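Please work through the exercises below with the sequence and the structure at hand. Each task is followed by a stepwise solution.

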Amino acid sequence: MSGPQNAMPPIPGTHLFDGDAAAKGFELNAMCYSFNDAANRQAFLDDEEAYCAKFHLTPQQREAVAQRSVLGMIAAGGNIYYLAKLAGIFGLNVQDVGSMQTGASVDDFKAMLFAQGAGQSYEEAHGAMIQKEKVHG
Amino acid sequence: MAEIVGAYFTSHVPAIGGAIHKGLQQEPYWKPFFDGFHKVHEWLAQVKPDVAIVFNNDHGLNFFLDKMPTFAVGAAAEYHNADEGWGLPIYKPFAGHTELSWHIINSLVEDEFDITTCQKMLVDHALSIPFELAWPDVEAWPVKIVPFAINTVQHPLPSAKRCLALGQAVNRALQSWTGDERIVIIGTGGLSHQLDGERAGFINRDYDTFCMDNLSVDPAALTKDSIHEMVRKAGTQGVEVLNWIAARGALGEAPVQEIHRNYHIPISNTAAATMLMEPA
């Protein structure tokens, strides 16, 4: 099922949501899509195990959700547009999700965004963020 | 004959909706972004459009992975927003222009574009927020809409070249429309940003500047990169610039001039941009 883009050189830190990922992640994304409905968000909060079982999540998907591991969910085929709805249940915004994926604190992740606004390249701003995490993290 | 009065392009980050809802437009974080809309308001008051052709992308409100159209065109009498999962307010509904929708659909299929037609289509923040930004505090939208949804979720995505060609085909459809409406073209999304993966927070000012510098005068320059290369340069969600490219195409092949630009980093995780163009 791999498409031609799989022959392209990978983009570091980037996971293209292609046919393989979409097939792998179908159940997880279907569950997240259901969170457009407030009653479903509540049902998840009331009994997460049962709700995940209802959507037939794979063990890999179930574990990633249980651990709140965004990178784990992406590896299990999750798509960020759908995963964001799960993050919303926990009151997390995209800076929180960025922090979870980069291993930086939310404040340092936001500082990295501001540094790019102040004219730094992503490489400079990201390098400074990682350095800071090594010292203080 | 209908007149295309120009085009309006802007980012559509959900957090902008939160800022509008809380009245934060003059807070230091938001002011540089919202100040870019004074000119948009003046321009819209001058050109007085009554129809908007809107190119945007669905974020998992209307479309799921069970059916994922590459190009979807609305043909509804009314379009509604709905809960997207984050507790944002639900935005006002939009009146559709069904006759124009079907005219465009007929023309596109005649032109060999294989589109999906939608007599029902929920519209998400990608459409609502640009409208809230353009026409703040109105009770009802002053324009009817024909919405296009371009797949930016599931690869393979349509190429930039194909999106430009789609827009140009929409322009041909508008040229053959016999109504006398004043039409504004709207492109939403971007610019560079990435929400997912270890590279989350990636922004690329140089690429955005390239896009903004060329969009009016040489839109084909934006179509030379493959989708893979666009993801590399703009980020996984930066490919939303496809909506801008399609919208630019819908302005037609005659010269256009940029009349306004605002660019600010960051809004949420995004390099937020706003532009206006009109026929030269």
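A salt bridge is a side-chain nitrogen of Lys or Arg within 4 Å of a carboxyl oxygen of Asp or Glu. This is a predicted model, in which local features need pLDDT of at least 70 and side-chain atom pairs count only at pLDDT 80 or more, while totals for chains, interfaces and linings use all residues. Residues are numbered from 1 along each chain as its sequence is written, chains are lettered from A in the order in which they are written, and side-chain values use heavy atoms, without hydrogens and water.

**Exercise 1.** Determine how many salt bridges the rule finds across the interface of chain A and chain B.

*Solution.* Step 1: the rule finds 1 salt bridge across this interface. Step 2: Arg41(A) pairs with Asp83(B), with 2.9 Å between the closest N and O atoms.

**Exercise 2.** State the area buried between chain A and chain B.

*Solution.* Step 1: buried area is the accessible area (1.4 Å probe) that two parts lose on being put together, summed over both. Step 2: the value is about 3800 Å², and carbon and sulfur atoms give 59% of it. Step 3: on the side of chain A, Ile11(A), Tyr81(A) and Tyr122(A) lose the most area to chain B, together 18% of what that side buries.

**Exercise 3.** Explain why helix H9 of chain B is largely enclosed by the rest of the structure.

*Solution.* Step 1: a helix is a DSSP run (H or I, at least four residues), and buried means under 20% relative accessible area (1.4 Å probe, protein chains only). Step 2: helix H9 of chain B (residues 241-250) is largely enclosed because 10 of its 10 residues are buried. Step 3: among them are Trp244(B) and Arg248(B).

Notes
Buried < 20%, exposed > 50% of the residue type's maximum accessible area, 1.4 Å probe, protein only. Helix = DSSP H or I, 4+ residues; strand = E, 2+ residues; numbered from the N terminus.
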